[in-house]
Amino acid sequence: MILADKIVILRKQKGWSQEELAEKLGISRQSVSKWESGNSMPDIDKIILLSRLFQVSTDYLLKDELEENENTALEVETSDEPVKRSVSVEEANEFMNITRKLAVPTAFAASLFILCPVPLLLLAGLSETGRLLAAEEKVGGIGAVILLVIVAIGVTMQILCGSRMEQYGYLEKEAFTLQYGVEGITKKNKERFARRFSISMAAGTALCILGAVPLLFAASIGGDDFVLICCVALLLVMIAAAVFLFVWAGKIQDSFKKLLQSEEFSPNKKTAGKKFDAFSRAFSGAYWCIVIIIFIVVFVRCKYFAFEEAEFPNIILGMIWFIAALLYSAISTVLHYVMKEKGSKDSGKL
């Protein structure tokens with residue numbers, strides 16, 4: 001049990017409101033509220049006053065974290081390692097809050113890379129079926145421009161979100177220590193988010209599986225060309241929604257792992273993480289540039305040179321992004337695992 005929970009329990013046992021406790025301590029009610037929510041920690045003078053008011057020892061209020069910190073201090077004194085950076089409660093809360101705020105635009109930017117060909121597909125389908133009175137060349141040009149604009153918006157959003165998080169880059173690249181109360185607050189937030197994380201992962205997986213159902217059904221009953229195009233567009237929309245859920249939930253979940261230095265953010269894996277981050281940025285940029293070039297080349301060949309029927313090329317165009325997204329996820333996962341394992345082995349040899 002962390003100090004925030006102990007203050008709440010002890011205050012209620014005394015039958016005091018936050019205002020009454022604040023008055024006895026000579027502070028504002030907002031300060032007590034921040035203590036109980038875990039957004040700030042009382043200083044040592046207030047800890048002593050709290051122990052007197054609640055008639056408990058300071059050891060009871062602090063014992064679990066103090067024992068851990070004392071052990072940490074002994075390790076630092078007896079080792080030759082450089083002093084690690086220390087993360088305060090305020091800094092940890094600010095990091096988790098900013099991560100939550102930026103998780104939505106970051107996830108939306110990722111989903112835009114899947115959604116970008118949808119306008120092009122729909123415009124091409126409307127033109128080919130006579131529902132849009134415009135030359136196919138003009139429609140194709142407009143669709144390609146929209147695609148590139150959407151990609152540019154997504155890249156810009158990712159860059160802006162990344163720049164906001166630069167000051168916290170050390171959390172995933174360097175080993176650090178946590179000040180009193182940070183670990184308990186982080187674990188509490190992680191427990192609160194666990195249900196949302198599970199639901200997001202399950203919903204995203206379901207969307208990926210169900211996304212192909214309308215297309216397969218329309219093809220099985222012999223739907224016309226425009227219906228097939230709409231089904232392909234719907235497939236991309238559902239995959240984009242799944243990507244949004246995966247990225248949004250993953251970003252927030254990773255913020256807890258970074259602070260707790262667990263799993264892929266454990267100290268012995270951070271060296272490999274530095275190399276992987278640099279490689280991942282280069283790989284992602286090159287990969288999606290190649291996918292866009294392939295899509296534009298296939299679009300031009302399918303529409304103006306290769307095929308007479310519209311159904312087959314439109315399915316190809318839609319499947320390019322579906323396959324590209326699956327390949328990107330698979331390749332990134334494999335590379336991440338290989339480099340992390342290599343980093344762990346290298347760290348173990350030192």
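This is a predicted model: local features need pLDDT of at least 70, side-chain atom pairs count only at pLDDT 80 or more; totals for chains, interfaces and linings use all residues.
Residues are numbered from 1 along each chain as its sequence is written, and side-chain values use heavy atoms, with hydrogens and water left out.

Me: What makes up the secondary structure of the chain?
Reply: The chain has 14 helices and two strands. Helices are DSSP runs of H or I with at least four residues, strands are runs of E with at least two, and both are numbered from the N terminus.

Me: What is the accessible surface of the chain, and how much of it belongs to carbon and sulfur atoms?
Reply: The accessible surface comes to about 19000 Å², and 61% of it belongs to carbon and sulfur atoms. The areas come from the Shrake-Rupley method with a 1.4 Å probe; for residues, only the protein chains shown count as cover.

Me: Why is Gly143 called buried?
Reply: Buried means under 20% relative accessible area, exposed over 50%, and partly exposed in between (1.4 Å probe, protein chains only). Gly143 has 0% relative accessibility and therefore counts as buried. This residue is found in helix 8 (residues 136-164). Of the 350 residues of the chain, 40% count as buried.

Me: What does Gly143 touch?
Reply: Contact means heavy atoms within 4.5 Å. Not counting residues up to four places away in sequence, Gly143 touches Leu120 and Leu123. The C-alpha atoms of Gly143 and Leu121 are separated by 7.7 Å, the two residues being 22 apart along the chain.

Me: Why is helix 7 called roughly antiparallel to helix 12?
Reply: The axes of helix 7 (residues 118-128) and helix 12 (residues 225-260) come within 9 Å and cross at roughly 175°. Axes are lines fitted to C-alpha atoms, for helices over the stretch in contact, and angles run from 0 to 180 degrees between N-to-C directions. Angles under 35 degrees count as roughly parallel, over 145 as roughly antiparallel, 65 to 115 as roughly perpendicular and the rest as oblique. Helix 7 is therefore roughly antiparallel to helix 12.

Me: Which residues make this contact, and what are their classes?
Reply: Helix 7 contributes Val118, Leu121, Leu122, Gly125 and Leu126, and helix 12 contributes Phe226, Ile229, Cys230, Val232, Ala233, Leu236 and Val237. By class, there are eleven nonpolar, one polar and no charged residues. Ala, Val, Leu, Ile, Met, Phe, Trp, Tyr, Cys and Pro count as nonpolar, Asp, Glu, Lys and Arg as charged, and the others, Gly among them, as polar.

Me: What makes a set of residues a nonpolar core, and which residues have the most contacts inside the largest one?
Reply: A nonpolar core is a set of buried Ala, Val, Leu, Ile, Met, Phe, Trp, Tyr and Cys residues joined through side-chain atoms within 4.5 Å. The largest has 24 residues, and those with the most contacts inside it are Val87, Leu171, Trp248 and Leu259. Two or more residues each come from helix 6 (89-115), helix 9 (170-173), helix 10 (182-210) and helix 12. Helix 6 gives the most, with eight residues. A second, separate core of 21 residues includes Ala110, Ile239, Val243 and Ala324.

Me: Why is Gln261 called buried?
Reply: Gln261 has 16% relative accessibility and therefore counts as buried. Its place is in the loop between helix 12 and helix 13 (270-306). Gln261 also has a positive phi, of about 50°, although it is not a glycine.
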